[in-house]
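Have the sequence and the 3D view open as you read.

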Amino acid sequence: MIDPEISAGHSQEVRRGSVVVASLLMLRTPGYGYGLLEALAAAGVAVDANTLYPLLRRLEKQGLLVSEWNTDEARPRKFYRTSEAGEALAASLLDEWIVLGRNLQTIESGTEGAP
């Protein structure tokens, strides 16, 4: 049996990169932080708010997201959307993720020779 702490740590490592890709893909339709948290959770990509908000700021600083404030509501909200550069990166990372998944399935099925 695997120690749950060890398992959780490794699972977190696997999910960490997926949050970037999932956020860039979901924000092709503009959204705000809390809405993105809920949408990611509903899609099975759970992330903590203390992780997501700094990630959004970092992606914006890198030019992968653009933002604007919506002041039409009682409480102003910052909406994010994926930039052209973010779209390109998301597509590239998703392709890489898919290839890696296929390669891992090949290794798991034993069809790839051992080193």
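Ser 23 touches Leu 36, Leu 40, Leu 52, Leu 55 and Thr 82, leaving aside residues up to four places away in sequence; contact here means heavy atoms within 4.5 Å. This is a predicted model, where local features need pLDDT of at least 70, side-chain atom pairs count only at pLDDT 80 or more, and totals for chains, interfaces and linings use all residues. Residues are numbered from 1 along each chain as its sequence is written, and side-chain values use heavy atoms, with hydrogens and water left out.

Ser 23 sits in helix H1, residues 4-26 (a helix is a DSSP run of H or I, at least four residues; a strand is a run of E, at least two; both are numbered from the N terminus). Ser 23 counts as buried because its relative accessibility is 1%, and buried means under 20% relative accessible area (1.4 Å probe, protein chains only).

Now for the sheet: three strands form an open one in the order S1-S3-S2, with antiparallel pairing. Strands pair if DSSP finds at least two bridges between them.

| Edge strand | Residues |
|---|---|
| S1 | 31-32 |
| S2 | 65-70 |

Each of these edge strands pairs on one side only. Six bridges join S2 to S3, residues 77-82. Thr 82, one of the residues that Ser 23 touches, belongs to S3 and stands opposite Leu 65.

Finally, Arg 77 lies over the face of Tyr 32, 4.0 Å from the ring centre; the cut-offs are CZ of Arg (or NZ of Lys) within 6 Å of the ring centre and within 35 degrees of the ring normal.

Terms used. Buried < 20%, exposed > 50% of the residue type's maximum accessible area, 1.4 Å probe, protein only.
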